Amino acid sequence: MKKQGLFITLEGPDGGGKTTQAQQLARWFRLYGREVLITREPGGTPTAENIRELVLDPALDLSAETETLLQLAARADHVAQAIRPALEAGQVVLCDRFSDSTLVYQGILRNMDLAQLRKLNDFATRGLRPDVTLLLDGDPRELVKRREDRGTVDKFELQGLEFQDRIRGGYLQLAQEEPDRILVVDALREPEVVTEEIIRKLEKWV
């Protein structure tokens, strides 16, 4: 019997530990013999990584429409070239950001129509949606310390705490709309504690 793939996305404000938790989850799944693909958005393929450079370049003043279409172009290539083949092979895919990021950053924050964005996203992904999304949540005033320690800054991180508050609010809004898919996790605790909670939350999918 063909092994079923599992598509898990990790979302949330910057500094929430998405990369760390993806790595920990990959180790856990591999203990049970699962093959795992860790990837990210925008990015994950050579084409999408090139688009990422454009989207995150603070020197470029992109309109909301341009930014959205670039994100969706990167996602279309990412899904076609990496995510869907991995799922069809029965792998677990752990993706750092996906469609919910577009709904928050381009939709809620830039006042674009969410219903229209969802249709465009379905077009770009040919209807692929995450099985489960882990929302790593925390007060931006605490998370900013982690970003400073990391030392990497993009144009979204340059826009200050008010902007980060709006990002957090956007994600929590989506979680209220889809509580069965989007699982909220307190990301401000020690990483190993966060991992333990995530594993408990994922048991029914595994």
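**Exercise 1.** Is Glu 49 buried, partly exposed or exposed, and which residue does Glu 49 pair with?

*Solution.* Glu 49 has 23% relative accessibility, so Glu 49 counts as partly exposed (buried is under 20% relative accessible area, exposed over 50%, partly exposed in between; 1.4 Å probe, protein chains only). Its salt-bridge partner is Arg 40, with the closest N and O atoms 2.7 Å apart. Arg 40 is partly exposed at 34%.

The model is predicted: local features need pLDDT of at least 70, side-chain atom pairs count only at pLDDT 80 or more, and totals for chains, interfaces and linings use all residues. Residues are numbered from 1 along each chain as its sequence is written, and side-chain values use heavy atoms, leaving out hydrogens and water.

**Exercise 2.** Which parts does the salt bridge of Arg 75 and Glu 41 tie together?

*Solution.* Start with the contact: the closest N and O atoms are 2.7 Å apart. A salt bridge needs a side-chain nitrogen of Lys or Arg within 4 Å of a carboxyl oxygen of Asp or Glu. Next, place the residues. Arg 75 sits in helix H3 (64-88), Glu 41 in the loop between strand E2 (36-40) and helix H2 (46-55), so the pair links parts 34 residues apart in sequence. Helices (H or I, at least four residues) and strands (E, at least two) are DSSP runs, numbered from the N terminus. Finally, check burial. Arg 75 is buried at 2%; Glu 41 is buried at 5%.
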